[in-house]
Amino acid sequence: CTNNFEELNTSPTQPRNVPAEYLYSQAQLNGFLADGTNWWQVGSWVEQWASGSLSAPSQYLEDRDIYETNNWTSHYELIKNLSQIRNQVLKGQEATPNGRTKLAIAKITEIYFWQRMTDFWGDIPYNEAGLPDDNLILLPKYDKQEDIYKSLIAALDAAIGQLNATDVSYGNADFVYKGDVTKWRKFGNSLKLRLGMRLRYADAALARKTVEEALSAPLIESNAENGAMPTVTQDGNPFGYHPIIGGYNSSKELNQLAAPFIDLLLAKNDPRLPRIAEPTENSKKAGTPVYRGLGVALGNSVIINRDDYSYGNIAIYNDRKATFPYVFLAYSDNCFFKAEAALLGWGGLTPAQAEGFYQAGIRAAMQIQPYSIAEADLTAYLAREGKLTGTAEQQLEQIMTQKWISLFMRHYEAYAEWRRTGYPKLTPGPNPGTTNGQIPRRGVYSSTERIRNAANYNEATSRLSNGDTYLSKVWWDKK
Amino acid sequence: FSPDQATKELLSQRISLNLKNAPLKQVLSLIEKQTQIKFIYVPQNIRADRDISVSATNEALSGVLERVLAPLGIAYEVADNRIILTKGKMSELAPAEPRALDQAVSGSVTDDKGEALPGVSIVVKGSTQGTTTDAQGGFKINVPNGNSVLVFSFVGYASQEITVGTQSVLTVRLLPGDQTLNEVIVTALGIKREKKALAYAAGEIKGSDLAQANVTNLGTALSAKVAGVQVTSSAGGASGSSRIVIRGNSSLSGNSQPLYVIDGVPIDNSNRRAISSFQLQGGLDGGDGISNINPNDIESMTILKGPNGAALYGQLGANGVVIITTKSGRRNRRPSIQYNGSYSVGNALVTPDYQNEYGQGYNGQFTYYRQADGKVVPYNSALTGGVPKLSAGRNPTTRGSWGPQMQGQTVEDMWGDTVSYSPIANPYKEFFQPEKQAINTVSVDGGGEKVNYYFSLTNLSNSGFVPTNKLNRNSVTVKLSADIAKGLNLDTKINYINQKVNNRPYVGDDGMNPVYRFLYVPRSLNMDGLKRYEYTAKDIRYSQDLGGNGFFVGGEKIFESNSVTSNPFWTINNTHNEDTRDRIIAYAKLNYEIAKGINVQLRYGSDLYYERQFGWKAIGTRISQTGDVYENMEFNKTENIDGLLMINREVGDFSISANLGANHLSNRYRLTGNAGTQLSIPGLYAIGRTVLNTPRLGVAESVINSVFGQASVGFRNYLFLDVSARNDWSSTLPITNSSFFYPSVGLSWAVTDAIPLNFPALDYLKLRASYAQAGRSGDPYLTLGYYNLNANTFLNQPLATYTNTVVDPNLKNELKTSYEAGAELRFFKNRLNLDFTYYYSVTSNQILPIVISQSTGYSTKVTNAGRIENKGIEFLIGGTPVKLNNGFTWDVSFNFSANRNKVLELIDGVNEVVVGSDRNIRVVAAPGEPYGQLKAADYAWLKDENGNRLIDDKGLPIVQSIGTLAIGNATPKWIGGLTNSFSYKGLSLSTLLDIRRGGQIFSQGRVQEAAYGTSKRTLEGREGGLVAEGVKARREGNQWISTGQPNDIPVTAQAYWNRVASDKGFAVAEEFLYDASYIAIREVRLAYQIPAGLLKNNKVIRGASLALYGRNLGYIERHTDGFSPENASINVNSGTMGMEQHSLPMMRTVGVDLNLSF
């Protein structure tokens, strides 16, 4: 009676096994580009975008159901899909040339995502997540961010140590470095630099140790080595667009630029401004184009004419055929970190060296697409803005302000660095929201966690100073 | 034709007999030889061995039977080709000697409708003398004298006694009488059984009742007709699905839908294009399997309400079985042609409670202002020299109807037209259109000595409430039964259905759902502007003053700038969807009578269909700006092969009926298709001709093999013991768990047949009890984890993800255990009938996709989890309160069912199973709670311990962020149906009330109205403000402390409603929860049967009737605002119960139908 049942009950359309490349490609595509999608939440909190009243989080209102649940779910699915490589596809190949380096690259990629997650939410399920499906923990515990960071740094060291240039790599399935192991080593070390510096105000000793180790290892040294995803045009492709372009096209109203950002660019006469923003529609009509940013978190009842405020540059961000790489870990990041380390005298650097790194950072940030600032403009800008002056703290503010501009379109990182250092100084918008008018300090957990993983959720929430709200600070947010 | 007529035909067969002192059984056997009938009886009960004498020459069977059986106290009942003989009530006829006959009487006999009744038995009371009426209903008889009493009797009619007196001509009208005493019912596997022997409750609906409903989807015709059956109609209108739940939700997932079996063959009832839970989703209702079935072909429907009746269907029957028996022709009957036509018009039964006082704007003002210099600025009343400008924006500030009073002011609308600021023309008149439906059926049936046949052809065409929505369905049925050799009968049927649906309406949150759109368009919108649905350069120029984006000339003209919005007029003209289904439901059955009472039967049945789905959106459609086109081909084949050995034996006082069988059921499903976007050539809608193509492929195959046995042992025809056992092997479970067994046992006792009871009014009492189990094995491919390959690549690299569902390699079958007990009572010569049932069932080891913490990387785990309990009572009370001699009859029947449901347990660590969800509302199953609990999510009022809302210092209620909060339940406390029918001569009036008590429904549509101020509910406080009910609170740190003082701070209506719901993502659910109780006038039908006398001279038309009917005419009671509580949110899935989401209104339908027989 059960003849051929086993065959019959095996799906003829879905595989039970796939090459590691398939999973890895998908993870890169989903994971790296996701850095740029969250402008209506973190992008407005860090005051580069002002999406007005249309997105609740931008008004400092919690909306876990849509924003957080989707964000949480897609991140943990990302971790699962990467974990399948070690849990199933390359299991047993940890020490072979066929598996070792691929697993290491996948691990470095995973650590990159983990950092984004813990930076955003704080304590999250970590040790009990990413497990194989036959050994799953249905109710994963939330780990402390402090422990997660320590584990990530250790895991990153291990993964970098496992990289071997003669091993089989991902080749073209690796959109970022085409399987170039040397570049992955530099990426890994740059990520380590970032992990370490993030802890500066929370665990200075570990921060210094991690930063100094990273500084002594090969790092991304030019824009050519940037961690960057190629993107494709919207015409003829179902996905893989530049996240800012993709987002822009769906609803223009969600994509107005924030006043603090535009004001700063105007004040510095920044040559990137015309490549970032569009003069207001009404000023263009009137024949006197001006840039004007929209206030953040204005609340529901403020009535504005959107055409009095700048959208993103239409030629760049509203062109279905436009495409340029999405940079998610840049040479300029390293420059600014080095400038910061120099101010601290870490890794044998001296405060006097800070300005050089600072200028290199500005230069690198201006040279990437879509800015590609001409050398003359760059030199002029550096002549105006390239000096670091004042106390170490004032110099840090200058560095972080330039970094903030450089992190435009990289909302999670811009938000993390603002929270870490407090620079640039941002003024909250007028809407009280659920924060009493303060800029959120973290993302709230998914609404489903409150129900499906209640005990662990409650335990994690009890550790937060203000409960599971926008106002609680993550562990490293100590300044 | 009607069953009554078939019976008449059967009983009018002529026989000749001449026997003296022969045993009764020999008489019966001789009759069997001369006719196409079979007698079914227990020899002891009717004392078949006693000798009798009878003589008849070419006399109607009915007359002979009356003459022979009545004096012996034997009652008979016709069922199909069988006549069931039972020991009747004490004989009223004392044997007497024949006397001299000297008075001649003649006359005619008709039925209640005035039609001639052939074959009526006429007996001179107290004698064995008698005759039968001829084909025209006429008779002639001689009686001894004027004191003689003639007894007129005919099956299905109450007999009448008439004292001859001096009359020589009698006109007798027989009225329908009790037909139910020895009713035969079609049970599992198509086995016909005496109702008396059933150990469980079974609901029955006559085919004519279904056909008379004249509905597009057969499922919806079941409303309120059978106790324990709850029907919800689709939000997608006539072409959508129906949700039928029998005895409560017993499955924590899926749709709890019953199995539909037609002529013994299970059919596919999938609603594959259904939306399982509608959060942020849209789409359309692709209809379900049952919606294809032609009600006109149905002879009868039996509803087996759970495992107790359906054990023989095994796992498919756990949610109950709807057994449909289609019409057949009758033997020895001339061809009869029937025509049936109906035409109906439907309109919205309930429409939104729009307010018509305040138009677009915010804070009681116009939002923008076009200055004299042409510049648009935020509105400021100080400005002069220009006109108010209505916004094409998206914010609540511009989309809401919170503006000034509409007094015909001159304003500029979003498209730059100068218009009057006045109420929008009613979209239910300007956009929607009356639904029109025509059904035409022609059928022919008849039979010869060895063959009988049935043929029908039906066309149904429905033009829907949403313009361009059309459904056209043709159904052809040919059914043939023939005795091909001695003892060998071949029975076959082919039903071919061809259905085409054009432009199914989009439902739920779909951007293209017109109901959704019209719920919140500003109340001052200029409908004429919307009707010109393509953008002109001017429209765009003026729209862009406020930041509109992505508009181009010829593109879809919208009134807001949202990227997922639509203009309904564009939708119906520039987008398209269609599906064409070709379906064949067929069987062939070979029955061989090995020996008397022993039959073997082999049956092959198949339900297969191809469905082509095709659709497109033109370039410029707002939600698909580059255009798209899709085409899918679906194939589904359900095959059922079974063999059955049937033994019917009588041994002493016992009768045994046993069935042994084996069954093979397979299901194969395949979908191939392609979805393309970015049209290469505008207006060319063909797949593969687009820049971007995504192929689709779906396959599902499963097999269930079974062996089963069933036996019923009867003792003296009043006590019956039923046992059944079945073992299934299902391919969808792991091999080690694929075999599972389940039994059933039941007892039925006709008390009044067994012992004389001294209740004068009680005619009949039957008690029954049963126990049964049924298993279920779930969907295929749930035991292994798979990777999903992305249908597209990125930079030529294939992409894959791992499943989000954790599978269980040790999955086993679900098991539903059910007990039921009941009683059937009849009083006052069957004028009052009562049927009562209590049932209790537990479904355990449910195969459940339980949602798990997404931190695992997975969203669901499919495993055996959870037990759910259903218990309840059902009763049916019916009778004939008034029955007058002039032919007036009032029949009434009320069915009632109350189901209590409780989730007993889930798996460890899982607090609840979310059955369905939408923003701010969840439908859940949680241990200790009834299934279908409604929970608010995310936001709730902050209240004090007395339940008063706390009000902040601005006068607004305080919202707190919550996980979930139970606020109600979606399941009713009880449901019922009340049928009243009145008949007088050829005229009859029947009404059906559909009643529901208890349970709640959450309305997403009302959230939308509140957020944008379009409903009457938002009018209070527009001028002068409203004071929100609650208690003032003050803030201490992070806490709100009640002051105990009632709130007295007025706020604007806009501020209040924006606190309750600023949009769908932010709403306090309890404010949109409604009592779902209702009493609906479901059906009213006034019919007139043309008297036979009028047609006497018509050689063509033999019978005619005309009826006026209405469906969903209104409510006697309803508690919802602007929507029907019994209208499903989207479709049949349990995930959408208890929630309304901009459903297409139910139709109030009025129609006429005409029946002619030739």
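Reply: For two axes, an angle under 35 degrees counts as roughly parallel, over 145 as roughly antiparallel, 65 to 115 as roughly perpendicular, and the rest as oblique. Residues are numbered from 1 along each chain as its sequence is written, while chains are lettered from A and ligands numbered from 1 in the order in which they are written. This is a predicted model, in which local features need pLDDT of at least 70, side-chain atom pairs count only at pLDDT 80 or more, and totals for chains, interfaces and linings use all residues.

Me: How are helix 14 of chain A and helix 15 of chain A oriented: roughly parallel or roughly antiparallel?
Reply: Helices (H or I, at least four residues) and strands (E, at least two) are DSSP runs numbered from the N terminus; axes are lines fitted to C-alpha atoms, for helices over the stretch in contact, and angles run from 0 to 180 degrees between N-to-C directions. Helix 14 (residues 331-344) and helix 15 (residues 354-367) of chain A have axes 8 Å apart and pack at an angle of about 165°. Helix 14 of chain A and helix 15 of chain A are therefore roughly antiparallel.

Me: How many nonpolar residues are in the contact of helix 14 of chain A with helix 15 of chain A?
Reply: Contact requires C-beta atoms, placed from the backbone, within 7 Å of each other. Among the residues making the contact are Phe336(A) and Ala339(A) of helix 14 of chain A, and Phe357(A) and Gly361(A) of helix 15 of chain A. Ala, Val, Leu, Ile, Met, Phe, Trp, Tyr, Cys and Pro count as nonpolar, Asp, Glu, Lys and Arg as charged, and the others, Gly among them, as polar. The contact of helix 14 of chain A with helix 15 of chain A holds 1 charged, 2 polar and 12 nonpolar.

Me: Is the crossing of helix 15 of chain A and helix 16 of chain A left-handed or right-handed?
Reply: A crossing is left-handed if the near helix is turned anticlockwise from the far one by less than a right angle, and right-handed if clockwise. Helix 15 and helix 16 (residues 375-385) of chain A have axes 11 Å apart and an angle of about 145° between them. Their crossing is right-handed.

Me: What is the handedness of the crossing of helix 7 of chain A and helix 8 of chain A?
Reply: Helix 7 (residues 181-198) and helix 8 (residues 204-215) of chain A pack at an angle of about 160°, their axes 8 Å apart. That makes helix 7 of chain A roughly antiparallel to helix 8 of chain A. The crossing of helix 7 of chain A and helix 8 of chain A is left-handed.

Me: How far apart are the C-alpha centres of domain 1 of chain A and domain 2 of chain A?
Reply: Domain bounds come from an automatic or database domain assignment, which for chain A gives domain 1 (20-230 + 325-329 + 410-462) and domain 2 (243-317). Between these two domains of chain A, 25 residues of domain 1 are in contact with 20 residues of domain 2. The separation of the C-alpha centres of domain 1 of chain A and domain 2 of chain A is 29 Å.

Me: Which helix of chain B gives the largest share of the side of domain 1 that touches domain 2?
Reply: Chain B is divided into domain 1 (3-173) and domain 2 (184-336). In chain B, 9 residues of domain 1 are in contact with 7 residues of domain 2. The largest share of the side of domain 1 of chain B that touches domain 2 of chain B, 3 residues, comes from helix 1 (residues 3-11) of chain B.

Me: Which helix of chain A gives the most to the side of chain A that touches chain B?
Reply: Across the two chains, 74 residues of chain A are in contact with 76 residues of chain B. Helix 1 (5-8), helix 2 (20-33), helix 4 (64-89) and helix 19 (449-452) of chain A each supply at least two residues of that side of chain A. With 11 residues, the most comes from helix 4 of chain A.

Me: Which residue in strand 60 of chain B is the bridge partner of Leu950(B)?
Reply: Strand 54 and strand 60 (residues 1031-1036) of chain B run parallel and are joined by 2 bridges. The bridge partner of Leu950(B) in strand 60 of chain B is Val1031(B).

Terms used: Two strands pair if DSSP finds at least two bridges between them.
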